[in-house]
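Colleague: Before I use this model, I would like to hear what some of its labels rest on. Please give the cut-off along with each value.

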Amino acid sequence: MRWKSDERSTVHPTVSIKSDRGRTLGRKNMKTLNPMIKTTSAALLAISLTACTANAAASTTTASSAKTGTSSTYAYLLDTTDLKKAEVDTSNATGVLADVLKNGVLTIATSPDYPAAEFVDDEGKVWGCEMTLAKYIADSLGVDLDIETMDFSGTLVAVDTGKVDLALSGYGWKKDRAESYELSIGYEGDPSSTESSKHTLITTAANAGKYNSLSDFVGSHIMAQATSLQEMYVQDEILSLDTNGTTNYEPVSTLDQAILGLASGKCDAVALDNSTAENYVKSSDGQFALTNVYFDLTPYGDFQGNVAAAKKGETSLIEAVNTIITAAKDNGYYETWYKEAKEKAGVTE
């Protein structure tokens with residue numbers, strides 16, 4: 001996710017292009033076809049801060065009263081007590097990072113409809129491997145974590161407007177995104193996966209044999225999540241073939257809308273990353289079918305994994321985040337969080 005994954009790269013790319021929300025995994029709980037995504041707002045805590053202590057040996061500066069570890073607002077996501085945290089030099093922190101350290105809270109945006117990266121359980125709690133990563137980032141910085149849930153289309157807007165400090169929502173690296181935001185290094189839950197790096201379209205069982213190539217989708221009604229990698233692929237590889245403008249491409253805010261559109265006959269096909277597509281088909285009781293037609297990803301480059309996004313110019317923050325992500329990858333933490341999140345979300349590949 002959503003070029004390598006974009007976004008939400010669903011589970012996320014490896015030399016692959018994971019979905020945007022790359023999302024290469026699949027947005028939403030695949031256990032049911034149309035689960036209502038519940039959102040939850042974490043109450044901001046009034047935090048009384050004392051002077052930050054900078055370690056002369058380039059250690060992490062923290063707000064002494066920040067709630068971290070098991071005292072964090074989102075302590076259920078991860079207990080970092082026995083984990084090796086990244087050593088982040090924040091002695092020269094500027095911009096948003098300096099504010100985060102001063103206020104003792106890292107606020108992130110996410111659209112929790114993309115299991116196993118981010119999703120909401122029946123109790124309204126936000127889960128997912130990217131949310132666990134966010135908790136690890138906050139703990140490594142010595143601050144509390146606050147998660148703001150919203151539609152996917154609003155996550156980067158929240159970064160732009162300063163509503164949040166950082167966004168983790170299944171993004172994949174894209175050239176235009178890199179030009180507009182500070183993007184972190186990539187991270188992926190299953191580097192060995194090749195299926196998760198594919199992107200395809202699903203249709204109804206009745207039309208299963210209708211589509212055998214991308215050109216066969218010309219003239220059809222296609223839905224994809226707005227600003228996702230799949231939207232880019234549809235525009236670049238299907239709409240570009242339509243010299244007469246007969247194809248109806250409709251961007252939607254959530255995958256729920258696209259899947260409901262397909263189920264109700266409002267569209268002919270939905271563009272998804274392969275893993276997400278397989279899960280939707282499996283959970284449709286025979287209503288949907290895989291087309292086994294894949295987008296050509298070779299023109300987009302070879303960027304691995306999903307990425308976090310910060311406002312353009314916030315290099316101090318993104319450099320700290322990169323250091324922390326590197327630690328999570330080097331210690332094998334992220335792959336473990338991904339497997340745990342898949343199990344909890346009921347996501348299969």
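**Labels and their cut-offs**

Modeller: Helix α2 (residues 129-141) and helix α9 (residues 333-345) pack with their axes 8 Å apart, at an angle of about 140°. The model is predicted, so local features need pLDDT of at least 70 and side-chain atom pairs pLDDT 80 or more, while totals for chains, interfaces and linings use all residues. Residues are numbered from 1 along each chain as its sequence is written, and side-chain values use heavy atoms, without hydrogens or water.

Colleague: Why is α2 called oblique to α9?

Modeller: Angles run from 0 to 180 degrees between N-to-C directions, along lines fitted to C-alpha atoms over the stretch in contact. Under 35 degrees is roughly parallel, over 145 roughly antiparallel, 65 to 115 roughly perpendicular, and the rest oblique. The angle is about 140°, which makes α2 oblique to α9. Their crossing is right-handed, meaning that the near helix is turned clockwise from the far one by less than a right angle.

Colleague: Which residues make that contact?

Modeller: C129, E130, T132, L133 and Y136 of α2 meet Y333, Y334, W337, Y338 and A341 of α9, where contact means heavy atoms within 4.5 Å. They divide into 8 nonpolar, 1 polar and 1 charged. Ala, Val, Leu, Ile, Met, Phe, Trp, Tyr, Cys and Pro count as nonpolar, Asp, Glu, Lys and Arg as charged, and the others as polar.

Colleague: What does α2 do with helix α8 (residues 315-330)?

Modeller: The axes of α2 and α8 cross at roughly 115° and come within 10 Å; this crossing is right-handed. From α2 come L133, Y136, I137, S140 and L141, and from α8 A320, V321, I324, I325, A327 and A328. By class this contact has 10 nonpolar, 1 polar and no charged residues.

How values were computed
Helix = DSSP H or I, 4+ residues; strand = E, 2+ residues; numbered from the N terminus.
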